[in-house]
Amino acid sequence: MREVENANPTILNVSQLPSRSRKATKPRQGPDSKCDHIVYSKRPWLCESSSSEEEDLEEEYGEDPVDAQDIYDLISPISDPEHPHTLGQLSVVRLPDIHLTPPPAERRGHSLVTVTVDLTPTINHCSLATVIGLAVRCRLEQALPPNYRVDVRMKDGSHAQDDQVNKQLGDKERVAAALENDTLKGMLDKMLETCV
């Protein structure tokens with residue numbers, strides 16, 4: 001078996017990982033019941049609603065746009081290839097190092113969104129940095145809609161060969177060729193097993 005490069009990494013407790021702060025929700029109209037949708041359903045024969053009202057309701061209660069916390073929640077449970085911990089616990093993936101362009105507040109419709117994730121390996125000469133970056137990239141490309149572009153790279157100065165690793169992770173042909181390697185594909189599948 002291969003010797004572990006960083007036998008004693010700093011490990012965060014699960015309670016220390018960033019989590020979504022609960023948004024305050026508006027109080028519901030009518031009694032708080034599981035059957036509201038049946039009892040208080042819209043009856044077209046009693047009132048006529050305009051399409052703009054429906055659009056306003058859809059906008060008000062529609063899905064929130066994907067933000068950095070959503071991206072973090074997707075990639076932080078990826079297991080590290082050397083340690084029995086996740087990338088979030090090892091601080092390889094950090095919430096402040098995830099950027100979306102344009103930000104959620106400025107998005108309209110299905111516009112093109114670029115997700116940039118800067119990874120920080122546990123040691124600056126980590127030989128599995130490319131594999132970790134590839135796992136993050138695969139997870140995001142599988143989970144995000146097609147209008148999202150993924151850019152995974154090593155944080156500046158965090159790896160001895162960050163330029164070479166970034167070049168490999170940014171090259172679509174190299175990524176595709178790596179995913180055809182059965183050994184590497186098996187390693188990635190094992191890393192992604194911890195993702196829900």
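The lining of the largest cavity divides into 6 nonpolar, 2 polar and 2 charged residues. In this classification, Ala, Val, Leu, Ile, Met, Phe, Trp, Tyr, Cys and Pro count as nonpolar, Asp, Glu, Lys and Arg as charged, and the others, Gly among them, as polar. The model is predicted: local features need pLDDT of at least 70 and side-chain atom pairs count only at pLDDT 80 or more, while totals for chains, interfaces and linings use all residues. Residues are numbered from 1 along each chain as its sequence is written, and side-chain values use heavy atoms, with hydrogens and water left out.

**Cavity**

- A search of the whole structure finds 1 cavity of 30 Å³ or more; a cavity is a set of points, on a 1 Å grid over the protein atoms alone, where a 1.4 Å probe fits but cannot get out.
- The largest cavity holds about 50 Å³ of space, a volume being the space filled by probe spheres set on the points, which are joined across faces, edges and corners.
- Its lining consists of Asp 80, Pro 81, Glu 82, His 83, Val 92, Pro 121, Thr 122, Cys 126, Leu 128 and Ile 132, where lining residues have an atom within 4 Å of a point.

**Overall build**

- The protein has 7 helices and 3 strands; helices (H or I, at least four residues) and strands (E, at least two) are DSSP runs, numbered from the N terminus.
- From the N terminus on, the order of the elements is α-α-α-β-β-α-β-α-α-α.
- Of the 196 residues, 35% count as buried, that is, under 20% relative accessible area with a 1.4 Å probe and protein chains only.
- Among contacts (heavy atoms within 4.5 Å) between residues at least 6 apart in sequence, 69% join residues at least 24 apart.

**Helix 6 and its partners**

- The axes of helix 5 (residues 162-170) and helix 6 (residues 172-179) come within 5 Å and cross at roughly 80 degrees; axes are lines fitted to C-alpha atoms, for helices over the stretch in contact, and angles run from 0 to 180 degrees between N-to-C directions.
- Helix 5 is therefore roughly perpendicular to helix 6, a term for angles of 65 to 115 degrees.
- In this pair, Lys 167, Gln 168, Leu 169 and Gly 170 of helix 5 meet Lys 172, Arg 174 and Val 175 of helix 6; by class, the contact has 2 nonpolar, 2 polar and 3 charged residues.
- Helix 4 (residues 129-143) and helix 6 have axes that come within 12 Å and cross at roughly 95 degrees, which means that helix 4 is also roughly perpendicular to helix 6.
- Leu 134, Arg 137 and Cys 138 in helix 4 meet Lys 172, Val 175, Ala 178 and Leu 179 in helix 6; this contact has 5 nonpolar, no polar and 2 charged residues.

Definitions and conventions. On a 1 Å grid over the protein atoms alone, a cavity is a set of points where a 1.4 Å probe fits but cannot get out, and a pocket is an open set with protein on both sides within 12 Å along at least five of seven lines; lining residues have an atom within 4 Å of a point. Angles under 35 degrees count as roughly parallel, over 145 as roughly antiparallel, 65 to 115 as roughly perpendicular and the rest as oblique. Buried means under 20% relative accessible area, exposed over 50%, partly exposed in between (1.4 Å probe, protein chains only).
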